[in-house]
Amino acid sequence: MTNGGARAVARCAELGCPPYSDMEGGLYRAWLTPAYRATLDRVGQWMREAGMTTRIDAAANLIGRYEGTADAPPLLIGSHLDSVRNAGFYDGPLGVMLGIECVAALHEQGRRLPFPIEVIGFGDEEGSRFPAAMLTSKALAGLLETVPEMTDANGITLAEALAGFGSAPDRLVQARHPGARAYFEAHIEQGPVLEAEGLALGVVTGIAAQLRLSVTVAGTAGHAGTTSMPLRRDALAGAAEMVLAVETIARDDASDLVATVGRIEAMPGAANVIPGEVRFTVDIRAGENAHRDRAAKAILAALRAVADRRGLGIAIEQVHDLAASPCDADLAARLETALVAAGHPSRRLVSGAGHDAMVMASLAPTAMLFIRCREGISHNPAEHVDPADAQAALAVMLGFIMENA
């Protein structure tokens, strides 16, 4: 029998190389690009080899279907195929590859279940091309009614990008799934807990609430050599103070709260010009909605206080708001049963990272399995998964599927 875990890891590595990346010397696979198209073609081939039929929906998600013995709502197994810039190989694709391996194992045995299985490769979990995340899982879950106009860093509109895949923004609603038995996602932990405890796998109990903001600070551009310090309205100096305020509020909370400024841009960006405008992002997360919202309120007040004190303008836009998403208690218990039956200690943990599962919870009950990654490193080329851990995850996934058969 094929070592499906090792094959899943090897396939992730293959997808980290041209033509499956949009950057030279590293992995960056954005939604609706030529690299994304090549990835859909390759992964679709693997799905068909495993015994599935395949289709690409109106949101350019890749869906492979393995029919069951009855026309029942399917079990969905999915994760994302897009990546951040200069990414690791396993964040997202490993969950898709392991879903394919589950079906391949059933197909090799000639086994059909009393329900279909659909393996989904989502296109836009990271939001690394257009200024919104999880658009494609939202489309599939039926959460998109209207889609605002969006443009990527190269000036390509969402409409233009979708046209290359035979779709359009107003057609994303057509990706809505008719209904599912459950949604399951296997994913690298993206943190150090499992490795620190010497564990390969853990059961996810829920996903933290997230809030993402886009902040624009407006000052006055001026000559760096002729504008005296007391007369300056330096947008970058003000933004720097704001960034430290964000960090201080999160640190002082001394809890599971985290807050991050992950992107900052100063204009006009010349060495001899005082920055007149700065844009930056703020990402706020906590295990509970109320906790996150209290922190967000404190952060917003701090940003505005800095702007007022420095005589700066400030505009704050909410980019997205994702509520905390608990996994289904019954499915988590069944996954834990499969974990223990496969010889692993029971371990439950909360995900601080966002996943398509938190969106899919509006469509069906969800379950998630975390897989150890070396040193907890993710969103980084050093991201690493041991093939033995992937094989262990596959065994647990198959046990979980049979628990639900």
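Predicted model: local features only at pLDDT ≥ 70, side-chain atom pairs only at ≥ 80, totals over all residues.

Me: Why are α2 and α3 called roughly parallel to each other?

Reply: The axes of helix α2 (residues 34-49) and helix α3 (residues 93-108) cross at roughly 20° and come within 9 Å. Axes are lines fitted to C-alpha atoms, for helices over the stretch in contact, and angles run from 0 to 180 degrees between N-to-C directions. Angles under 35 degrees count as roughly parallel, over 145 as roughly antiparallel, 65 to 115 as roughly perpendicular and the rest as oblique. α2 and α3 are therefore roughly parallel.

Me: Which residues make the contact of α2 and α3?

Reply: Val43, Trp46 and Met47 of α2 meet Val96, Met97 and Ile100 of α3, where contact means heavy atoms within 4.5 Å. By class, these are 6 nonpolar, no polar and no charged residues. Ala, Val, Leu, Ile, Met, Phe, Trp, Tyr, Cys and Pro count as nonpolar, Asp, Glu, Lys and Arg as charged, and the others, Gly among them, as polar.

Me: What makes α1 oblique to α11?

Reply: The axes of α1 and helix α11 (residues 387-403) cross at roughly 120° and come within 7 Å. That angle makes α1 oblique to α11. Their contact involves Gly4, Gly5, Ala6 and Val9 of α1 with Pro387, Ala390, Gln391 and Leu394 of α11. It has 5 nonpolar, 3 polar and no charged residues.

Me: Why is arginine 11 called buried?

Reply: Arginine 11 has a relative accessible area of 10%. Buried means under 20%, exposed over 50% and partly exposed in between (1.4 Å probe, protein chains only), so arginine 11 is buried. Arginine 11 lies in helix α1 (residues 4-14). Beyond its neighbours within four places in sequence, arginine 11 contacts Trp46, Glu49, Met97, Ile100 and Glu101.

Me: What makes a set of residues a nonpolar core?

Reply: Such a core consists of buried Ala, Val, Leu, Ile, Met, Phe, Trp, Tyr and Cys residues joined through side-chain atoms within 4.5 Å. The largest nonpolar core here has 76 residues, and those with the most contacts inside it are Val43, Leu94, Met97, Leu98, Ile100 and Ile117. Its largest share, 10 residues, comes from α3.

Definitions and conventions:
Residues numbered from 1 in each chain as written. Heavy atoms only, no water. Helix = DSSP H or I, 4+ residues; strand = E, 2+ residues; numbered from the N terminus.
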